[in-house]
Amino acid sequence: MPHAVSVSESTGLNPPTLTPAESPVRAEVIVPRHLHRSFTYLVPARWQARIRVGSQVRIPFGPSTLHGVVVSLSSERSERGEPVREPADHTNRRLREIVSLLDETADGAVSPQFLQLTRLVAERYLAPWGQCIRLVLPAPSPAKRSLRYTLTESGRKTEGQSRRLSPTAREILRRLAEAPNGLTLASLRRTIQGPATQTLSNLTRRGWVRATAREPGDRAGRPIRIGPPTTHGAGPARSLPLTGHHLESAAVPPRLPLWWERLRASLDTSRHAAFLLQAVPASRSAVLFRAAEETLARHRTVLILVPEIARATAIAARAETRWGGRVHLLHSGLPRAARADIWRRIHAESAGIVVGTRSAVFAPLDSLGLIWVEDEEDPSLKEEEEPRYHAREVAWMRARQHDAVLLLGSAHPSLETRSAMEPLNLDVWGETAASPAIQTVDLRRLPQGTLLSEPLIAGITAALEARTGAVLFLNRKGFAPALLCRDCGISPRCRQCSVALTFYRRAAHLACHYCGASFPLPDTCSACGGARIEPVGFGTERVEEEIRRLFRHVRIGRLDRDIARTPAQAEAIRRLAAAGELDILIGTQMLFQGPPLPPAGFVGIPHADAGLHLPDFRSAERTYHALLDAVALARPGDAGGKVVIQTYLPTHHAIAAVVNGNADLFLDQEMAFRKALGYPPFAHLINLRVSGKNLGRVREAAQQWVVALRAAISHERAAEGLPTGSKNATDDIMILGPIPSPVAQLRGRHRWQLLVKSGNAQAVRQAVQASLEELEGARGRGGLKFDVDVDPVEMV
C-alpha cells in the first residue's frame, strides 16, 4: 500500500520513518519564496534511506538551484514498482530530481517541532509557508568573496607618471599606498569621488593594483564575546560597567510573585502555563533570574526575548557573569557570519540560556522550559515585513509546543495581554517610593503658541539651583513638524510620500521621516507663490533652542534619532547624564530605552497629548504608557521630585489617570471604548493593503479585494449549509474601506487599505486567505502588491 509522511505526522519526539519496502520516492519541498504551495520532486535512490521530513535539500527551480525543506514524503509507486509520474495537472512534464541532501552539514535537518511551528506561524499570519521556513534556518553565509585591493611593486613606482592619471586614479593610488594591508571597494568609495570601480579595473590591468579574495565567513569561527552595549552589542566583554542598567537588581527579589508556586509546579510537571508580572525593571530582573535558576536546575533551557539590542546585550552580560559560557546572545545586529555561527552553536546544544531580540524567538533550543518576554507591549516585537509575526505570540506557540512556562514582564502591559491572562496568573507590584508631585498646565488658557509655560520654566530653574537635573520629554523630532503657508494653508510635502516634511532649522532643510529624502528650504510657497512660510508646532530641536535662549550657561544634551544615530552615540549621551555632566536633557522616547537615567529633580512634558491625535486606536494606550515612563524619570515626591505636564486635553482619561495615579481610570474607560467600537481585545483585526505605481489600478484592486472578501464569506456560509436567517461564524465579519492609507503614498507607491474586524479569528483568516489567493492568482497584476497584516500593531 502507498504510504505518505507529512509534517502533521512528524511532531512527536521521534519522526516516523518509512520501511525499506516503502522507501520514499517523492518529496514535497517548500522553498523560501512568496509561494503558498509546495513542489514535488523525485528522491534519487542513493538518498532514499536517509531522507526524512525536515531534511534540507537543494533542488532545481526553473533555471536556478534553491535551498528547500522537505515537508512530506511518499512511497507511492505504480503496479510495476516504478515511481508514479507527474499528476494529471502536470502533463508533458516529468518530475525533476533533488540535487543534493544537506542533512550531513552542520545545520542538519529541521526538527518536526520547528516545521510545525513554521506552519502555525504561516497559518496565523497568512504568510507563505516558504517565507516562514526562512525564520528557522541559520543566516546564510555571504555568497560572494570580498576583494581587497593592494599596490604592486609597479604601482609604488608610478610617482613620475601620476600626472597623466585621472584625479580618481591618483587618489586611489595614494589611499592604497597608505594601507599596506589593502582596502576594499566599499572603503575606497567612502572618500573617493568618481568612477572607482572602472578606475580600479584599469589600474589592475596595468599591473599597478592587485585584487585578492577574502573567503566569506572568515570570522565565523571566532566566538562572540558577550558584553555591555557598544556599537552593535558585540564588543569586548565588560568594556562598560553594568551597574545601573535597567535590569540591574539585587540577587533576591523584594518578594516572590503570588503565582510563584504555580510556576514551580508547572516546571516540575512539564505543564505549559503563562504568567504576567507588572513591576519596575529591577524587580522583574530579580524574578527573571530566579526563574532561570529554577529552570536550569531541572535541566531545561531558557529563552529571553528583549525588544532592543542594547538591552538584550546588557541582560546577556549579566547572565554570563552568573552562568558563563552557557549563555548565548543572538540578534540581527551581529555580522551575518557570526550570527550563523552562534545559531549553529545553539543548534549543537551548547546553550542553556539564549538572550536575543525579536528573531531569537526561533532560536533552535531544545528542552525549552522557560520563555521570558521583556516589555511584552513594545511594538518592536512585531515584524514589519512578511511574515509579519509578533514575537510574543510566537513565544506563546513555542511554550505550548514544549510544555514550557511563558513569563511576560512589563511596567505597563498591553490591554490584549491583560485580557488574555488568567487572573490568578497576573501579579501587579506597586511602587514602593512616593510618586513625584505632578502639576497640569492647561494650554487652552495660555496664549497661542506657548512653548514653555511659567510653571515648567520655574521647575527647570528650581532643579538647576538644587543641582538635581531636569529632563524634558517630547516624542517629536526636528524643529517643527511642518512648514505652513499663511496665505493658502499648504504645507510642503514629500514628492515620494504623502506626508508633510519636517523642518530642521539648524541644518536648514526639510526632511521626510518615511523615505529619508531631504529638500532645501523654499523661499516661496510652491502652491500660491506666497512668501509667508512659517513653522507650525514644535519638536525637540525647537525646545532645545528655546532652552538655550532661556538658560544660557547650562549644559544641555539632546537624545533623539537625529542626534544619536547609532547605539554608541546614544550610550555616550546617557553616560554624560549618568555622570552628572548634563544639567538638562531633552529627548524623545529614546529616553526610556537602554540603561536607566539617574532620577531627575524635575521632568517637563511640553506637549503631553501630541500622540493622541494619530489615526490609531492604540493612541491613548501608547500616550498613557509614554507618560508613565516619563513620570518614572523623576525623583520620588519625598525626595523633591516634580513633574509638569502641559496639555490641551487635561480631562482625557490617558492624561488624567497619570496625573491622579489612578490606573483603573484609564483601564476602565479604554476597555469600554474598545468594546463599544469593536477593537482588540474584543475583536480580531486584519489590515489589508494594496500598493503600486498606478493610483487608478491600486484603487481598483482595493475595490476588487472587497468583492473577493464578500464572496469568500458567502462561500463559507454556503459550505456550512445553513438556512437563510441563521447565524454562523462569519456573521460578525466587518469590512471597513477601501480608503487611501493614512500615508497614501510611500516611496513613490500609492497605497489603499481595508480593515477587517471579527470576533472569530479563524473565520476571518479563512475569508482573507481565500480572497488573497484569488487576487494573487489573477493575471495582469502588473506591479501591484497585496500585503496582509494580522493583528496589526501600527495602523498608520
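Reader: Which ring does the charged end of Arg322 sit over?

Author: Keep in mind that this is a predicted model. For a charge over a ring, you check how far the charged atom is from the ring centre and how it lines up with the ring normal. Here, the charged end of Arg322 sits over the ring of Trp323, 5.3 Å from the centre.

Reader: Okay, and how many aromatic pairs does a search of the whole structure find?

Author: The search turns up 9 of them. To read one, you look at the ring centres and then at the angle between the planes, where over 60 degrees counts as edge-to-face. Take Phe362 and Tyr389: their planes are at 85 degrees and their centres 5.1 Å apart, so this pair is edge-to-face.

Reader: Where in the chain are Phe362 and Tyr389?

Author: Phe362 is in the loop between strand 13 and strand 14, while Tyr389 is in the loop between strand 14 and helix 11. They're 27 residues apart, so the pair links distant parts of the chain.

Reader: Are Phe362 and Tyr389 buried or exposed?

Author: Both Phe362 and Tyr389 are buried.

Reader: What about Trp705 and Phe786?

Author: Their ring centres lie 5.5 Å apart with planes at 80 degrees, so that's an edge-to-face pair too. Trp705 and Phe786 are buried.

Reader: Which residues form one aromatic cluster?

Author: Phe617, Phe673 and Tyr679 do.

Technical notes: Residues are numbered from 1 along each chain as its sequence is written. This is a predicted model: local features need pLDDT of at least 70, side-chain atom pairs count only at pLDDT 80 or more; totals for chains, interfaces and linings use all residues. Side-chain values use heavy atoms; hydrogens and water are left out. Rings of Phe, Tyr and Trp (its six-membered ring) pair if their centres lie within 6.5 Å; planes under 30 degrees apart count as stacked, over 60 as edge-to-face and the rest as tilted. Helices (H or I, at least four residues) and strands (E, at least two) are DSSP runs, numbered from the N terminus. Buried means under 20% relative accessible area, exposed over 50%, partly exposed in between (1.4 Å probe, protein chains only). A charge sits over a ring if NZ of Lys or CZ of Arg is within 6 Å of the ring centre and within 35 degrees of the ring normal.
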